[in-house]
Amino acid sequence: MISCPTVRKSEIRFHYDLSTAFYRLLWGEHIHHGLWSGDESPATAQRQLIDAVAKRAGIRQGESVLDVGCGMGGSSVYLAREFGCHVTGVTLSPVQRFWAAGGALWHGQSARTKFLRGDAEAVEFAPQSFDVVWSIECTEHLFDKAAFFRRAAGWLKPGGRVTICAWLAGDEPLDEAGRKRVYDVCEGFLCPSLGTADDYKRWLTDAGLELTSYDDWTERVAQTWEICRRRVARTGVRRLSQLIHRGTTLFLDRFDAILEAYRTRSMLYGCFSARLPSDSDARATN
Ligand SMILES: C[S@@+](CC[C@H](N)C(=O)[O-])C[C@H]1O[C@@H](n2cnc3c(N)ncnc32)[C@H](O)[C@@H]1O
């Protein structure tokens, strides 16, 4: 794991409060990478990513899902609309919470979705509340990832699944230049740490979950940042950010760092799925 001790939670919240409108304009209603197989449009690639995550999670009609770090509610609305899931979305950002509720209303999914302003590291849910804990590109921002997975396992019904996509530090050993690239990404994108794939596998299994899949999608997602870089260059967003908030300029300036980190595999992009054993599993092994 590579850490960046200067990141503060208040900064993460401020970033999403301030930047959500820009994400919407520049990238769409999902604040996550696209998953490419060829030359699809970014919107298609984003849709391909959530389709692939839903497949890994084994989402079934009508299941209850917790969407951790729900952003503008893109995944929550998708799961409600495509699978009739009942989705609770949690975001650190009050602006995003309102945005997500508005999006659900717009897409006719208010009855199946609810959005909370909360900290995933502190929020409480009753034990066995959800069939699936789903999280796309949020755990990067968590300070104690191992503790989060222990809590998430407690929210699952027996046989429930945790499925997450995460930015990862590259496999160890990383040389000094590689560690610096990951540190620069953490600093620019407000990640208190990036775990390696092995760290995530350990955190999931230590929480009592069985890993069911791990996909390394690094090569298939990286072009996200080439497209974002072109879009930022074409618009006046960088100049605007200089006027409004210096931290956001640092974020925009680190797009090259993330591309270089992916190119050198100092950083990876992974999707993990894990399952909480059920009572029938226990009976079968006895
Ligand atoms: C990169 S965005 C991803 C949003 C969404 N999952 C998507 O794919 O569109 C990261 C999200 O994590 C949320 N987040 C960061 N730290 C959080 C925390 N401690 N608790 C809850 N949400 C958090 C942010 O508010 C933001 O919504």
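Q: Why does Arg202 count as partly exposed?
A: A residue is called buried if 20 or more other C-beta atoms lie within 10 Å of its own, exposed if 12 or fewer do, and partly exposed in between, with the C-beta atoms placed from the backbone. Arg202 has 15 C-beta neighbours inside 10 Å, and therefore counts as partly exposed. This is a predicted model, in which local features need pLDDT of at least 70 and side-chain atom pairs count only at pLDDT 80 or more, while totals for chains, interfaces and linings use all residues. Residues are numbered from 1 along each chain as its sequence is written.

Q: Where does Arg202 lie, and how far in space is Ala146 from Arg202?
A: Arg202 is part of helix H7, residues 197-206, where a helix is a DSSP run of H or I with at least four residues, a strand is a run of E with at least two, and both are numbered from the N terminus. Arg202 and Ala146 are separated by 56 residues in sequence, and their C-alpha atoms are 8.5 Å apart.

Q: What makes Ser280 exposed?
A: Ser280 has 10 C-beta neighbours inside 10 Å, so it counts as exposed.

Q: How do Gln128 and Leu190 come to be noted for their backbone, and is each buried or partly exposed?
A: Gln128 has a positive phi of about 60 degrees although it is not a glycine, and Leu190 likewise has a positive phi of about 60 degrees without being a glycine. Gln128, in the loop between E4 and E5, has 13 C-beta neighbours inside 10 Å and therefore counts as partly exposed. Leu190, in the loop between H6 and strand E7 (193-194), has 22 other C-beta atoms within 10 Å, so it is buried.

Q: What makes the peptide bond between Glu172 and Pro173 a cis bond?
A: Its omega is about 0 degrees; Pro173 itself lies in the loop between E6 and helix H6 (176-189).

Q: Why is H3 described as largely enclosed by the rest of the structure?
A: Seven of the 10 residues of H3 are buried, and so H3 is largely enclosed by the rest of the structure. The buried residues are Gly74, Ser75, Ser76, Val77, Tyr78, Leu79 and Ala80. They pack against several elements, among them helix H2 (42-57), strand E2 (64-68) and strand E5 (130-136). Just after H3, Gly84 takes a positive phi of about 60 degrees.

Q: How do you know that E5 is enclosed, and which strands pair with E5?
A: Seven of the seven residues of E5 are buried, so E5 is largely enclosed by the rest of the structure. Strands are said to pair if DSSP finds at least two bridges between them. E2 and E5 have three bridges and pair in the parallel sense, while six bridges join E5 to E6, again running parallel. Val133 is the bridge partner of Leu66 and stands opposite Val162 in E6.

Q: What makes Val133 stand out in the largest nonpolar core?
A: A nonpolar core is a set of buried Ala, Val, Leu, Ile, Met, Phe, Trp, Tyr and Cys residues joined through C-beta atoms within 7 Å. In the largest such core, which has 75 residues, Val133, Leu194, Leu204 and Met267 touch the most other members. The largest share of this core, eight residues, comes from strand E6, residues 156-169. Two residues are in contact if their C-beta atoms, placed from the backbone, lie within 7 Å; leaving aside neighbours within four places in sequence, Val133 is in contact with Leu66, Val68, Ala152, Trp155, Leu156 and Val162.

Q: How do you know that the radius of gyration of the protein agrees with that of a compact globule?
A: The radius is taken over C-alpha atoms, and the globule rule is 2.2 Å times the number of residues to the power 0.38. For 286 residues a compact globule would have a radius of gyration near 19 Å, and the protein has 18 Å, which agrees. Of the 286 residues, 43% count as buried.

Q: Which residues are closest to the ligand, and how many surround it?
A: A residue is near a molecule if its C-beta atom, placed from the backbone, lies within 6 Å of it. There are 23 residues around the ligand, and the closest are His32, Gly69, Gly71, Ala120 and His141.
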